[in-house]
Amino acid sequence: MKKLIALFSLLLLTTFAQADNINWQKIEEKAQGQTVYFYAWGGSQDINNYLRWANKRLQAEQGVTLKHVKVTDISEAITRLVAEKSADKNSNGSIDMVWINGENFKSMKDFNLLTTPFVENLPNWQYVDKSLPVDSDFAEPTMGLEAPWGVGQLVFIYDKNKVNNPPQSHREMLVYARSHPNKLSYPRPPSFHGTSFLKSALIELSENPDALYSPVDDKTFQRISAPLWSYLDDFHRVAWRQGKQFPENSAETLQLLDDGELDLAISFNPNEVFSAQENGLLRDSTTAYALAAGALSNIHFLSIPWNAAAKEGALVAINFLLSPEAQSKKADISVWGDPTVLQSSKLSSSPQKTTLFKSISEPHPSWQTALETEWQKRYGH
Amino acid sequence: MNASIQKISFQFLLILAILVCFTPLLPGLLGLFFSAFSYIPAINLQTFSLTGFFELLHWPGLRESILITLFVSLSSTFLSALLAFSILQSCWNKAYWHKVESLLAPILALPHVAFAIGFAFLFTPSGFIARILNTLFNDLGIANWSLINDPYGLGLILGLTIKEIPFLLFMSIPLLKQLNVNSTLVSAQSLGYSKAQTWQKIILPQWLPKIRFTLFAVMAYSLSVVDVALVIGPTSPATFPVLIWQWLNDPDLATLPKASAGALLLLLTCIVLLYLIRFIEWLTIVKCRSWQTSGRRALPLAGKSALLVTYLISLIPLPLLILWSFAQRWPFPELFPTHWSLRFWQQEWTFLWGIIGNSIFIALISATVALLFAIVIHEHSIREMADRRRFVVPRLIISIPMLAPQLSILFGIQVATLFVAHQYYYLWVIWAHIFFVFPYVYLVLDGPWRSYEKRLDMVALSLGMSPLKVWWKIKRPVLLPTLCIAWAVGISVSLAQYLPTLMLAGGRISTLTTEAVALSSGQDRRISAIYALLQSLVPFFFYFIAIFASQKTGMIINQSTVNKRSIAHHVPDSKKSDYY
């Protein structure tokens, strides 16, 4: 309780400290009683439960109801927004808040499906760790159109009882696969994790990785990406099912790791291994690690569509999700274990503070499509 | 006076039915055409062009994908029809047929995806069969080949075939009851034909035209299925509908024209295949029918083993799913979970009731309305055909909601609701459910309605009954088994709708299916198992009622309780063994 009071007095103080505190108060008043329809991926019971908790807290503190609309893919929300745009529905839309990043953000930004910049008006913005790349999303400037929510890092999971020295680089993975055929693979692109694996490998193998941070040029694409394809040609020969089949997504690699079909699983959450153990998905002897060069890292964000009906409610909800309380809870590995975007000193004494691996930033988003297309051409049929 | 009121209200219903069931096609198809021809102003595509089609044609792997899709669709349709017929031939009216019928309820109630998950767990290299082998033969290790996601789609063919056989059996029940199989058998056998010959040469040519529309549905489903193909289908390349689904979900909105062009191509392919099935039927039944009359050859069809395999593979996923839903940990190669837990049930329990209520509410309304409309349109068609006026609703139009990828026609429908008044979420969702349920209900009624003995009506009319009374007193009781079955199918189709509910409800309405599908995207077998079971429970209840009702109703001669006695009277002693 003391902590809560301290937290709220801090919150109040900082609110008053801001120039536009009156604006924020108005927003909170307007938000009272609003229902925020939050479109977010619904495939994880941990995340769903966390959002149920957030709803309870928001209802109690701010009178805002946070309704999680579970989707299998956030593009379902974007399709609806495109439909609303087609019908010129520029207010009172049905989606108030979305959980996005990467290409989905770029699409929404390019087609003006997002509200005006808002993040700097959020009282809790001050706690955000600005040393993280919170102002760019896969190298696309966010321009205040989306607020960071958590950090993703590409990590690999293995079983300590089975593997002594897991490969520390993509080159070592090839060596490992040669001595242990049929035991390594990666999710099939264009799945999110699969394409990330390609990007991570190309960053390591390329002679000139800087080129990956500017837009793809058709003329140089083949030359720059060549090392990746010759690597994959070799890798597939000794990969799981000879590279003729691939796991569909990260979850399947976890399942295959547990079944003993694969030696390495892939994940974007360094703490997923803990929650998976607790849930009984993985053995207790499993552990996550990043490659020696670092982990491909990105941030996932919250944003508000241009026509949201409960815009104020959404702002209040996003502000709450950025609060030290909500972020500490989220980072708790028994809850979700998603690394925080706040300065770590701001977290309340969470049972396990999440440490991040050395990070490698995401290439320019245009590489995503280019790599996926070329992969499809070479291996997809 | 009375008659004219009846006539007017019938016409009112007819117009309402046509409006409700077919108007969504207009925005749906328009939306599909516009986006296939790259006209989507919301994403700055403001001129018609063929870009989408060019991109589609240049997509590497398109040919392989379409070929494998055709292969899967045709072979699973053909196999399921063949096997369903051989099961009927071997088992119809056997003493155990009752059990065969009753077991259909749980099999049909299990949603396709849930079946696919169970099927996959049975056959993956670390699956249940592999675990049994591993226990028996000590440490075989894990095979580096799998029937699941195999490149030739064999796993998908097997899965779809096995899932469709029970559906075909279920749809054949009212048909065979009308066909008077028993008297046919008696007369054919008195002419010296064996039972197999009678079934193949006499009953098949009658069964096939009546089951035609159902076969269309089976074929269309296998051609356009996404969820099952994602779980057990080939991946290099994936089947065509899966590709379209992925393109439609692509974050890069510029792929929308390609996706829609693909959806249009799929729709056309579907229509071609429908005509192909119709052509094959015509070829075997009408054109080249010498096999029906010449010689006494009959194919040896192993109906009983087909029945056994189908039922085993269809029913085993159920206990497996129950085990999974209580499993905390179940690693390879254990035959049973090593740790148990109730938490997955407990966590969801409190949220379930509202969701189940919603699902049943929507399903009951949409199935009932769709049933009423289907009856009205069938009655209308039959009268028009009789008067040779032919103001009949073309079957193709009726079946479009069944054939076209839902996502592609829902976009246009969604835009239309936004233009009108999108906040009436329940109205739109129920309407969309009626729209997608209607073709299935219509198809269940199709065979029985067309083969209904019109002379019964004529006799009653000539005795001075009003048409409505004739319908209610004569036709309805005779067709009651069909009506029950159609209603149950309607309810289960409505319960399974994911996209229409999600897209038109704007997230305001959650059903068991929206929850189940969203959760299953996390690929946690345990959560998927819970929702799969819950998804089956509700339709199971309604299928059970329908099967029970259909056994107790219909023409007296065909009611199962009376059946055996009445046949027993007709059959000479020596032949009795054939029926029991």
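How many residues of chain A are in contact with chain B? In this predicted model, in which local features need pLDDT of at least 70, side-chain atom pairs count only at pLDDT 80 or more, and totals for chains, interfaces and linings use all residues, 49 residues of chain A are in contact with 47 residues of chain B, contact being defined by C-beta atoms, placed from the backbone, that lie within 7 Å. Residues are numbered from 1 along each chain as its sequence is written, and chains are lettered from A and ligands numbered from 1 in the order in which they are written.

On the side of chain A that touches chain B, helix 4 of chain A gives the most, with nine residues, helices being DSSP runs (H or I, at least four residues) numbered from the N terminus.

Chain B is divided into domain 1 (1–40 + 351–556) and domain 2 (65–293 + 300–341), with bounds that come from an automatic or database domain assignment. Their C-alpha centres lie 23 Å apart, and the contact takes 43 residues from domain 1 of chain B and 46 residues from domain 2 of chain B. Helix 25 of chain B supplies the largest share of the domain 1 side, 16 residues.

The largest nonpolar core has 239 residues, of which B:Ala374 and B:Val441 touch the most other members; such a core is a set of buried Ala, Val, Leu, Ile, Met, Phe, Trp, Tyr and Cys residues joined through C-beta atoms within 7 Å, where buried requires 20 or more other C-beta atoms within 10 Å of a residue's own. Helix 20 (residues 425–450) of chain B contributes the largest share of this core, 16 residues.

Terms used
Buried ≥ 20, exposed ≤ 12 C-beta atoms within 10 Å, placed from the backbone. Helix = DSSP H or I, 4+ residues; strand = E, 2+ residues; numbered from the N terminus. Contact = placed C-beta atoms within 7 Å.
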